[in-house]
Amino acid sequence: MRVDNMHTYIIRRLLLMIPTMFLVSIAVFFMIRFIPGSIVELMAFRMVQAQTGSEMTAVTPEYIRHSLGLDVPMHVQYGRWVADIFTHGDFGTSLWKNKPVTQEIIARIPITFELGLLAFIIALLVALPVGIISAIRQDSWLDYVGRSFAIIGLAAPSFWLGTMVMVFPSVWWGWSPSVELIPFFEDPLGNLVQFLIPATILGMSMSAATMRMLRTTLLEVLRQDYIRTAWSKGLSERIVVMRHAMKNAMIPVITIIFGQAFVMIGGAVVIEQIFNLPGMGRLFIDAVFERDYPYVSGINFILASVGLLMILANDLCYAYLDPRVRYR
Amino acid sequence: MDVAQAEPRIRSGFTDFLVRLVREKPLGTVGGVIVLLMLFTAIFADFLAPFPYAEIHIADRLHPPGAEYFLGADNLGRDVLSRIIYGARLSLYVGLGASAINVIVAAIVGIPSGYIGGAFDIIVQRFVDALLSFPGLIFLITVMSLVGVGVVQVIIVLGILGGIGWMRVVRSAVIAIRENVYFEAARAIGASIPRLLGRHVLPNIMPFMIIVFSMSVAGNILAEATLSFLGVGIPPPFPSWGAMLSWEGRTYMYEASWLAIWPGVALGIGVYGISMWGDAVRDLLDPRLRGGVGRFARSKKKIAGKESKTKAEEP
């Protein structure tokens, strides 16, 4: 019965993803193309600049638009773009670099992923103990210190901490984080060391939300009757908290942990910018400023698809863990 | 006699709230003080700041901190302290403005979605899912490039997008209310929809609205700083803390470290205070955290002790 319900629920959710994906694809395709200052204007401007002094060749906006394939109607461009993605997983050709964007986006994924994964691990290592302790010792100094620590991680913006880490060690000890990317397979240790600082900064800002949520739900759960029963059976605090309370307290926390994945991707954009890590985030920012539409749409589309799968995974976890969730 | 006995209990909601805040939430009190200080700085920025925020003293560019420029001067000789003081005003404009829009949007989208339910809810949820599936910052960067930089733009964009994110809180609260017996009863006696929403739904989601508001202020301030840092938020010459850390701060960070330090410190303290305040407000107002045993419990012994006492008091 339960399994049947679960199956129907999964199928239903997968089917509901289709219209959402459709909306996402429309949004990512059209949004960037309506940004004021189109690529055509930008290109025309650069070409005129490049030609000053030499003999001018006529570069008209129409000519550029035609060579870039932007002269066909928007909805036709959209149709082609979507068709290419679903038939051969091709996200188009870069307007500036004149080469397929798919390979480069895929090549950048591991860097963002490694940064994110490390940050994730660090965040959980901080959030779980601090959250539990500050809930079971509510309003004690441990609670205050732990929470202040976590909130400072959130409040001190990652771009500021990143800047501080760049400046002070180099001023004081003449040490600064490597500007070049150290590939993992050439020097695993050097690579991990390079990623550790950015990942810690990112992880700290993520841990705060998880820790706050864990604290609140744990406080709620600790007030329920079955916890009272557990206490009155004479169980030790460790068993009551870890076995009885945590199982229920973790359910809403999972939502936050999944939600943090989004924050993490956004944070990675900033961190990559500061620490010169050539991940997807940097590619994205550069492409937005250069108006390289296929990159922007492609990265947006990939990230949004990952995001949708996260939402789905989250809801499935929720439905699986919490029998009270009605499969509506 | 009854009245006399009941008197201490009829403290107004707000006084009661303040008393509980100070008694139970020292960190929240600290946060509240920081919030008050920030409000004071923002309101009286014109009197507190030694210089106007955009006044250029080109001879004193990158002047180190000292008597005249307490926190130093930037690359155009603008006083960093004055810019930070005016920055508080800007941050609060954005934080309060965007959060107010958050609440309104969350209510406008969340109440119908939760109340009407059915097909309407499913359709609304698809749009919300589509929007939430974008990593927040990536989406914000794209939208900000679309609408252009500026204070009002930042407030509206953060307000609307954040509000749609928060609407799930309102929606689930409305769904929960709809299933209560008093709601059924009101509907059974033929209460109109405006009456149902105004008298039964709205008062019961008020705590959630306050929570949404107080928890989103800090996030909005940080989001504005991040956007300005990336160059798609608030344009110069406005003294946004994020923008101060961006170009001026990072270009001269080795020669003039004060440019990179102080805006970040201000931002950190502000966000810390507002977050702590938001947490405390949530702890005190969230109906799910009301009552029960061991609100003051610090150890299992106290939990056990409180338990028997409260049990005995409650009929």
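A nonpolar core is a set of buried Ala, Val, Leu, Ile, Met, Phe, Trp, Tyr and Cys residues joined through C-beta atoms within 7 Å, and a residue counts as buried if 20 or more other C-beta atoms lie within 10 Å of its own, with C-beta atoms placed from the backbone. This is a predicted model, where local features need pLDDT of at least 70, side-chain atom pairs count only at pLDDT 80 or more, and totals for chains, interfaces and linings use all residues. Residues are numbered from 1 along each chain as its sequence is written, while chains are lettered from A and ligands numbered from 1 in the order in which they are written.

**View 1. Here's the largest nonpolar core.** This core has 162 residues, and Phe284(A) and Leu140(B) touch the most other members. Leaving out residues up to four places away in sequence, Phe284(A) touches Val269(A), Val296(A), Ile299(A) and Ile138(B) (contact: C-beta atoms, placed from the backbone, within 7 Å).

**View 2. Now for chain B by itself.** You'll find 13 helices and zero strands in chain B (DSSP runs numbered from the N terminus: H or I, at least four residues, for helices; E, at least two, for strands). Of its 315 residues, 45% count as buried. Take the contacts in chain B between residues at least 6 apart in sequence: 68% join residues at least 24 apart.

**View 3. Here's where the two chains meet.** Chain A puts in 52 residues and chain B 49. On chain B's side, the elements giving two or more residues include α6 (118-132), α7 (136-147) and α12 (257-285). The largest share, 10 residues, comes from α12(B).

How values were computed:
Contact = placed C-beta atoms within 7 Å. Buried ≥ 20, exposed ≤ 12 C-beta atoms within 10 Å, placed from the backbone.
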